[in-house]
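Please keep the sequence and the structure in view while reading.

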Amino acid sequence: MKNLNILISGAGIAGPALAHWLIRYGCAVTVVEKAPAPRPGGQAVDFKGETHRTVLSRMGILDDVRALQTGGSDQHLIDAEGRTLAVMPGEFTGGELEIKRGDLARLLHDRTASACEYVFGDSITSLTETPDGVHVTFERAAPRTFDLVVGADGIHSNVRRLAFGPESGCVRFLGHYYALADLDQDFGPVGRMYNEPGRMAAVGGPKAPAFFVFASEPLDYDRYDAEQQKDILARAYAGMGWRVPEVLAAVRRAPGVYLDSISQVRVDRYSRGRVVLLGDAAYGNTLGGFGTGLAVVGAYVLAGELAAAGGDHRAAFDAYERVFRPYAKISENGNAGPFLAPGSPSRIRMRNWMFKYRFLLAWMMKMTDKFATDIELKTY
Ligand SMILES: Cc1cc2nc3c(=O)[nH]c(=O)nc-3n(C[C@H](O)[C@H](O)[C@H](O)COP(=O)(O)OP(=O)(O)OC[C@H]3O[C@@H](n4cnc5c(N)ncnc54)[C@H](O)[C@@H]3O)c2cc1C
């Protein structure tokens, strides 16, 4: 594939993971990322089961990921007085191998940076397919032509919008929002999660950012305006008990807050001509717990099928669809919103109750392992 010149949009997890494989297969790779640098910090993401382990090992980064792993930590589900009602164990929240999302993005970037071109602080503005390539214009850089373009730019994918049409046709809102904020106030070494019907606030513990999930109608707001998002949180959590008023005051002081809908991506096909989607852009399900594994395994399969087809993108994209879509099906089913922020007192009790019984927990973990390993990995 020495002559293939490939543009990847997005330097999150899927983009650099794909770059890693394409470089190894001899392609010339450019990654364009809207943010000015790999995005640091953030929440923890996790890998589980043999399939994820095998792909990380074939990438040669399993030991590096292990060295950076956070170690799952327990979340105490508490009542309004702060008393523990149940404990969500670390192995449930953190899978088998948990790492901060920002650390993983940085690791993948650093592993690929010297062998491909990263363009930060830019974004694609148009894609025009010709018989031999895709002509691409950018917000800042000069126009260029590539053989293939990959949209690995997350759940609100820019490439998907340009090549597949408006987001409303591919992204389904699942009835909840989530928010993350780095607070200047320490809420203690133990992670605590407080629920009232349709609302959840979690603070404390080593997982750093405060985390919120709440039920809502679709909201109209600017995703890049932090103050607007703080107002939304203040309204959504007004009158909530425990230490939530104190948490909200700390959110007001926070430099930024990240608020987004819990949504699910569904496209009838991952590719259109020479443009293909990968990771959350293709099969994202916010907070579903499988996004990072799907991104890394998807990158392995997409690059592998391109290599197996000798760079014939039509054959490769067909094979990617055939091999990967059944595995990505898990992203079409889950909705973490009602689990994290159950809608009534009885549902909150039922959710908490599940964590009191080891056998139920063991069963849930067995199921997630089954989904995470439900693909036969080829050796490309
Ligand atoms: C709170 C939270 C908890 C999560 N927990 C888990 C978990 O426990 N386990 C798990 O597996 N997954 C989890 N996930 C999901 C996981 O982070 C993603 O599913 C995974 O990282 C997929 O990677 P991606 O590269 O496809 O997308 P992303 O990581 O979102 O990367 C997309 C990149 O594209 C960039 N971009 C956006 N627009 C443009 C543009 N116009 N031009 C160029 N670049 C652009 C973005 O800046 C970003 O760097 C969680 C997500 C959140 C928000």
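A polar contact is a pair of N or O atoms within 3.5 Å; within protein, one atom must be able to donate a hydrogen and the other to accept it, and residues adjacent in sequence count only if both atoms are side-chain atoms. The model is predicted: local features need pLDDT of at least 70, side-chain atom pairs count only at pLDDT 80 or more, and totals for chains, interfaces and linings use all residues. Residues are numbered from 1 along each chain as its sequence is written, and side-chain values use heavy atoms, with hydrogens and water left out.

- The ligand has 30 residues around it, of which Ala14, Glu33, Asp46, Arg101 and Asp280 come nearest; a residue is near a molecule if one of its heavy atoms lies within 4 Å of it.
- The shell comprises twelve nonpolar residues, eleven polar and seven charged. In this grouping, Ala, Val, Leu, Ile, Met, Phe, Trp, Tyr, Cys and Pro are nonpolar, Asp, Glu, Lys and Arg are charged, and the others, Gly among them, are polar.
- At least two shell residues come from each of strand E2 (28–33), strand E3 (44–47), strand E12 (171–181) and helix H10 (291–308). Helices (H or I, at least four residues) and strands (E, at least two) are DSSP runs, numbered from the N terminus.

- Arginine 101 places a polar side-chain atom 2.4 Å from an oxygen atom of the ligand.
- At lysine 34, a polar backbone atom is 3.2 Å from a nitrogen atom of the ligand.
- On its own, the ligand has 1,000 Å² of accessible area, and the protein covers 89% of this. Accessible areas come from the Shrake-Rupley method with a 1.4 Å probe; for residues, only the protein chains shown count as cover.

**Glutamate 196**

- Glutamate 196 belongs to strand E13 (residues 191–196).
- Its relative accessibility is 18%, so glutamate 196 counts as buried (under 20% relative accessible area; exposed is over 50%, partly exposed in between, with a 1.4 Å probe and protein chains only).
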